[in-house]
Amino acid sequence: MKDKEKNKDEIKLIRGSGTDYSYLSTTDSQNSASTADISSFYDDSHFSIIQKEIAELRLEQKINKEKMNFFGHRLNATDEHFTDELQSIKNQFKDVAENIPVSKIDEIQIILQDNIKRLSEIGELEDNWDQYGASKFDPNLILKCIKFISKFDLNYQPEIFPTARQSIQIEFEPDENYYLEFEFFINRIKLYKRIGTDKTFMDSLSEDDAFAEIKKFRQEFTDS
Amino acid sequence: MMPLQKSKSFDKNSRIADSEYLYRAVRSKELLWKKRYSRPSSAIYTDPRGRGVSVERNGDREENKVIEFCRNQFEGYLVKINAGTCRDVGAYPIPKPTIRSDYHSVIQDSKYQIPISDDKREELAKLTQVVTKL
């Protein structure tokens, strides 16, 4: 039972690549304080105007940095278009941030930031990146995925992987029995879900459908 | 010039035995690894052109010979899956020799369907082992 509870906490902490977030894991016995922090994560008493202002400022700085990293040298030609897109993403970040205590912003934000960085790396891959003839990725697909993951609650980030068929695979796997996978193509979204041995396959989902499925999946996992 | 992998004594079209392993290079472990579970993502079993997922079979070679050949062809990491296990999952490995290698093979979803379904890819990824860094 305890393991189950641990996993429910860990669902918030699914990691991206490149950075060691093991200190965030509730399985780290030396880090019991972080478990306590997480349990009080939704405590309304943490909220205050000052916290929101600081959070917004930090997010703004981070988003600007990401903009430089991601759009700096690849997408200059259409900068104006992407600036608008970025502004929209930024506004979404802010909406979410208003409901997160500032003490958690850095930890959670770093996971999202890591996923954005990963998508940026995927966007930089050249033809034959997998050594078996895979083509490079359409920047619009990268942008679509960035927008998608930044719409989640920040504390529920997926793992992200490139595929050899110019699609991006977004995976949630809070434990071995629960697996939700979206495959983002430029013109469609495909879903594969497995809960225990029950499997669901869907194709041609809209982003709203995908969000609804994520919500449902989270609920199913929480209720289990 | 690219080294070739040819064998006069080996029947390159012979059925892949259950005991053989199927090897595949993963260039970037960072991009394709699920750190949480210490295994690759099922994304490694997608193929770009609908011809099946390219692998190298053992054939009559020991693993060290496969590694040696793959080191000359690829970079990153070499992973493998047992052919019998692959069939247990319902996937369909078949020999597909090329000019480059008599041992080249592909994994398909089934005899008549080439792209591997999402659930089979998930199973395959879970059963995949890392062999070595190339």
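Me: Which helix of chain A lies across β2, β3, β4 and β5 of chain A?
Reply: This is a predicted model, in which local features need pLDDT of at least 70, side-chain atom pairs count only at pLDDT 80 or more, and totals for chains, interfaces and linings use all residues; side-chain values use heavy atoms, with hydrogens and water left out. Residues are numbered from 1 along each chain as its sequence is written, while chains are lettered from A and ligands numbered from 1 in the order in which they are written. Helices (H or I, at least four residues) and strands (E, at least two) are DSSP runs numbered from the N terminus, and angles, from 0 to 180 degrees, are taken between N-to-C directions of lines fitted to C-alpha atoms, for helices over the stretch in contact (heavy atoms within 4.5 Å). Running at about 170 degrees to β3(A), the helix at residues 207-223 is α7 of chain A.

Me: Which strands of chain A stand at the edges of its sheet?
Reply: Five strands form an open antiparallel sheet in the order β1-β2-β3-β4-β5 (chain A), where two strands pair if DSSP finds at least two bridges between them. Each edge strand has a single partner, so one side of each is left without a neighbour in the sheet. The strands are β1 (159-162) and β5 (198-205) of chain A.

Me: Which residue of β5(A) does Arg194(A) stand opposite?
Reply: Strand β4 (residues 189-195) of chain A runs antiparallel to β5(A), with six bridges between them. In that strand, the residue opposite Arg194(A) is Lys199(A).

Me: What angle does the direction of helix α6 of chain A make with that of β2(A)?
Reply: Helix α6 (residues 139-149) packs on the sheet of chain A, touching β1, β2, β3 and β4. Its direction and that of β2(A) make about 30 degrees.

Me: What is the strand order in the sheet of chain B?
Reply: The edge strands, each pairing on one side only, are β6 (92-95) and β8 (129-133) of chain B. Neighbouring strands of this sheet are turned by 35 degrees against each other on average, direction ignored. The six strands pair antiparallel, in the order β6-β7-β4-β1-β5-β8.

Me: Which residue of β7(B) is the bridge partner of Val55(B)?
Reply: Four bridges join β4(B) to β7(B), and the two run antiparallel. The partner of Val55(B) is Ser105(B).

Me: How much area is buried between chain A and chain B?
Reply: The contact takes 39 residues from chain A and 30 residues from chain B. Gln131(A), Tyr132(A) and Arg165(A) lose the most area on the chain A side, together 27% of what that side buries. Buried area is the accessible area (1.4 Å probe) that two parts lose on being put together, summed over both. Carbon and sulfur atoms give 43% of the total, which is about 2900 Å².

Me: What volume does the largest pocket have?
Reply: A pocket is an open set of points on a 1 Å grid over the protein atoms alone, with protein on both sides within 12 Å along at least five of seven lines, whereas a cavity is a set where a 1.4 Å probe fits but cannot get out; lining residues have an atom within 4 Å of a point. Of the 20 residues that line the largest pocket, those closest to its centre are Tyr132(A), Arg49(B), Ser54(B), Arg100(B) and His104(B). Strands β4 (53-57) and β7 (104-108) of chain B each give two or more residues to this lining. Taken as the space filled by probe spheres set on the points, which are joined across faces, edges and corners, the volume is about 370 Å³.

Me: Which strand gives the largest share of the lining of the largest cavity?
Reply: The largest cavity holds about 100 Å³ of space. Among its 14 lining residues, Trp129(A), Asp130(A), Arg24(B), Leu32(B) and Ile44(B) lie nearest its centre. The largest share is three residues, from residues 21-26 of chain B, strand β1.
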